[in-house]
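Thanks for coming, everyone. I'll keep this brief. Please have a look at the sequence and the model.

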Amino acid sequence: MALPRPLLAALLALCACAMARPAVGANVSITTCRSFCGNITVDYPFALRPGCGHAGFRDLLFCIDRVLMLHLPSGSYRVLDIDYAYRGLTLHDPAMSDCRAIDRSPGGRGNGFVVEPWRAPFLAPDPDNVFLLLGCRASSPLFQGFPDRHLPCRNVSGMGCGDYYGCPAWDDYYDGRRRPSGAAYGTAVPPECCAVSWGAIRAVNVSRLQCEGYSSAYSLAPVRTAEGAGGWAYGIRVAWELPEANRGFCGACRATGGVCGHDEGSHADLCLCGDWNSTSNCDSSSDSARSSAAAPGTAAASLFLAVLASGLTSLWWNGSIANM
């Protein structure tokens, strides 16, 4: 028995509409890439959603209870600021010492800073950021090869241990006991404090360096302040970098109304153009980009709809002949 013609017509129209929809299962909405966490704007090259931002910064930032956190192998840090003009982030480690409090333990206190090798070309502490390593043992890798000298310990942008020893935190830590002298490294071997730049060691792993704790400070204008270490900005200032090739790609993408993102599988650059993605810009052919971005499940669904439409058309045609 043939199906009623009105029902067949409705089913055919439904199939036609479904087949006409673009394959967007693998795409990212361009309106969701720029977002906020608390009062901090999260924009390219960073992102909170998969597929947004540059692949070098994927799985890096997380918004937890309106607090922006950055996660690395060394630990999690609170993001205090993202400076897009000067390409810098300011991070806070709650277990880090500063001028008001010394936080040390024999097993090591604080995250330090360690970045994945594949992410290292994109993210590193600023050259004007100093790491002050506290209570490191004589057997620390810092001092191997020159046990009676302190070659790796030196001031960074005018900041060093000599000024840091002037902080009131040392009085509280030693509580009346003899505290370090004002000399940068004194006569102790090893020194109580060792100031290093990121470029000197490339990984600040507090426990692996056999240190009891650390502090970190940065200077946006490297000038010695009258307050000494009391006038430093404490935290970790991190700079980011993008490949030169990406700058041209992203510029072309934005110029054509797109948003810069990346492919979650290959991590290649993608230009997000609304309901389709492009490997160049939004003026390129949308048809090829749609088909390349289609998920396997979407392609299978399209094939099923095509077969269903063909079968319904055959039923309708046979029904028409039978009623003639």
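Let's start at one residue: V130 sits opposite A217 of β10. Before I go on, this is a predicted model, where local features need pLDDT of at least 70, side-chain atom pairs count only at pLDDT 80 or more, and totals for chains, interfaces and linings use all residues. Residues are numbered from 1 along each chain as its sequence is written, and side-chain values use heavy atoms, with hydrogens and water left out.

Now the pairing. Strands pair here if DSSP finds at least two bridges between them. β8 covers residues 129–134. Strand β10 covers residues 213–218, and it pairs with β8 in the antiparallel sense over six bridges. Helices (H or I, at least four residues) and strands (E, at least two) are DSSP runs, numbered from the N terminus. β8 has another partner, β9, also antiparallel, over five bridges. There, L134 stands opposite C193. Keep C193 in mind.

Is β8 mostly covered or mostly open? Mostly covered: six of its six residues are buried. Buried means under 20% relative accessible area, exposed means over 50%, and partly exposed is in between, with a 1.4 Å probe and protein chains only. Which residues point which way? N129, F131 and L133 go to one side of β8, while V130, L132 and L134 go to the other. Both sets are buried.

Back to C193. A disulfide joins C193 to C161, S to S 2.0 Å. The cut-off for a disulfide is a pair of cysteine sulfur atoms within 2.5 Å. This pair links distant parts of the chain: C161 is in helix α2, residues 161–164, and C193 is in strand β9, residues 193–197, 32 residues apart. Why is the link called left-handed? Because the torsion about its S-S bond is about -75 degrees. Both ends are covered: C161 counts as buried at 0% relative accessibility, and C193 is buried, also with 0%.

How many disulfides does this rule give? The count comes to nine. I'll show two others.

Next, C37 and C63. Their sulfur atoms are 2.1 Å apart, and they form a disulfide. C37 is in strand β1, residues 35–37, and C63 is in strand β3, residues 61–64, so to speak of distant parts of the chain: the two cysteines are 26 residues apart. This link is right-handed, with 90 degrees about the S-S bond. Are the two ends buried or exposed? C37 is buried, at 2% relative accessible area. C63 counts as partly exposed, at 36%.

Then C250 and C260. They form a disulfide with sulfur atoms 1.9 Å apart. The link is right-handed, with 110 degrees about the S-S bond. C250 comes from helix α5, residues 244–255, and C260 from strand β13, residues 259–262, ten residues apart. Both cysteines are buried.

Last stop, a loop. E116 is found between β6 (88–92) and β7 (123–125). Why does E116 count as buried? Because its relative accessible area is 16%. What does E116 touch? L72 and P73, leaving out residues up to four places away in sequence. Contact here means heavy atoms within 4.5 Å.

To recap: β8 pairs in the antiparallel sense with β10 and with β9. C193 of β9 stands opposite L134 and is joined to C161 by a disulfide. That's my tour.
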